[in-house]
Amino acid sequence: MTRFELRIRLFEAHSHFLSIANPPRPQIPSEKYKHRHFQKNLKIRKFGVDFICKLSSLLRSFKSQVGRIVKLLDCASKSVRKLSLKAIEKIADADPNLMTHPFVRNAVTKRFSDESISVRDAVVSLVGSYVLNTPEVANAFHPALIRGLKDSGLSVRKRTVHVLR
């Protein structure tokens, strides 16, 4: 199947999905109808989103993209390391399971001992937002956060206190 045929099929599936997802409504719907209609639409939309996402090349390359961002944590430039931590923070906000991967968790933990204060501040910010979102896995970062209380950088100590509060 060519890309063009695949795009046509995707467009047809999307058009069909939209026609199913938005059926005509009766003039005065009852509460029972509203609930049933909402549940049906929700299931159809989830199915459509899953279908479209499975075809997405971005989704297929997600692991390699995250791997590239994690590898940037070893870059010589402190600004690149800080920006890659901020990127990981944004990804972890959307997908908290990202921080459960040992590859990511080890790379992030290593940045707690970075020579740059701004990088250490960014890693405390990342771990702090992660701890707030998913406290059940936060135990892995407690020793590093406790070390952050003794950090030489004032901003790192302040952010660590804010996270631990």
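Visitor: Where is the place of V131?
Guide: V131 sits in helix α7. One remark before going on: this is a predicted model.

Visitor: Is V131 buried or exposed?
Guide: V131 counts as buried, because its relative accessibility is 15% and the cut-off for buried is under 20%.

Visitor: What does V131 touch, not counting residues up to four places away in sequence?
Guide: A138 and L145.

Visitor: Let me step back. How many helices and strands does the chain have?
Guide: There are 9 helices and 0 strands. Along the sequence the pattern reads α-α-α-α-α-α-α-α-α.

Visitor: What percentage of the residues count as buried?
Guide: 30% of the 165 residues.

Visitor: Among contacts between residues at least 6 apart in sequence, what share joins residues at least 24 apart?
Guide: That share is 54%.

Visitor: Back to α7. Where does R120 fall?
Guide: R120 is in helix α7 as well, which covers residues 117–133.

Visitor: Buried or exposed, for R120?
Guide: Buried: the relative accessible area of R120 is 8%, and under 20% is what buried requires.

Visitor: Which residues is R120 in contact with, leaving aside neighbours within four places in sequence?
Guide: D114 and D151 are on that list too, together with R111, F112, E115, S152, G153 and V156.

Visitor: What about D121, where is that found?
Guide: D121 is in helix α7. D121 counts as buried because its relative accessibility is 15%.

Visitor: Which residues does D121 touch, not counting those up to four places away?
Guide: S155, V156 and R159. V156 is also one of the contacts of R120.

Visitor: R159 is new to me. Which residue has its C-alpha 9.0 Å from that of R159, 10 residues apart along the chain?
Guide: L149. That residue is in the loop between α8 (142–148) and α9 (154–164).

Visitor: How accessible is L149?
Guide: L149 counts as partly exposed, because its relative accessibility is 36%, between the cut-offs of 20% and 50%.

Visitor: What is L149 in contact with, leaving aside neighbours within four places?
Guide: L149 is in contact with R157, T160, V161 and L164.

Visitor: Change of topic: helix packing. At what angle do α4 and α5 pack?
Guide: The angle between α4 and helix α5 (residues 78–94) is about 145°, and their axes are 9 Å apart.

Visitor: Which residues make the contact?
Guide: From α4, they are F62, V66, I69 and V70; from α5, they are S84, A87, I88 and I91. By class, this contact has 7 nonpolar, 1 polar and no charged residues.

Visitor: Pick I91. Buried or exposed?
Guide: I91, which lies in helix α5, is buried because its relative accessible area is 19% and the cut-off is under 20%.

Visitor: Which residues is I91 in contact with beyond four places in sequence?
Guide: F62, V66, I69 and L98. For I91 and V66, the C-alpha separation is 8.7 Å, at 25 residues apart in sequence.

Visitor: Now pockets. What is the volume of the second largest pocket?
Guide: About 170 Å³.

Visitor: Which residues line the second largest pocket?
Guide: The lining consists of F62, K63, V66, G67, D95, N97, L98, H101, F103 and V104. Two elements give two or more residues each: α4 (62–71) and α6 (102–110).

Visitor: Which element supplies the largest share?
Guide: The largest share comes from α4, with 4 residues.

Visitor: And how many nonpolar, polar and charged residues are in that lining?
Guide: By class, the second largest pocket is lined by 5 nonpolar, 3 polar and 2 charged residues. F62 and V66 belong to this lining and are also among the residues of α4 that contact α5.

How values were computed. Residues are numbered from 1 along each chain as its sequence is written. This is a predicted model: local features need pLDDT of at least 70, side-chain atom pairs count only at pLDDT 80 or more; totals for chains, interfaces and linings use all residues. Side-chain values use heavy atoms; hydrogens and water are left out. Buried means under 20% relative accessible area, exposed over 50%, partly exposed in between (1.4 Å probe, protein chains only). Contact means heavy atoms within 4.5 Å. On a 1 Å grid over the protein atoms alone, a cavity is a set of points where a 1.4 Å probe fits but cannot get out, and a pocket is an open set with protein on both sides within 12 Å along at least five of seven lines; lining residues have an atom within 4 Å of a point. Grid points are joined across faces, edges and corners, and a volume is the space filled by probe spheres set on the points. Ala, Val, Leu, Ile, Met, Phe, Trp, Tyr, Cys and Pro count as nonpolar, Asp, Glu, Lys and Arg as charged, and the others, Gly among them, as polar. Axes are lines fitted to C-alpha atoms, for helices over the stretch in contact, and angles run from 0 to 180 degrees between N-to-C directions.
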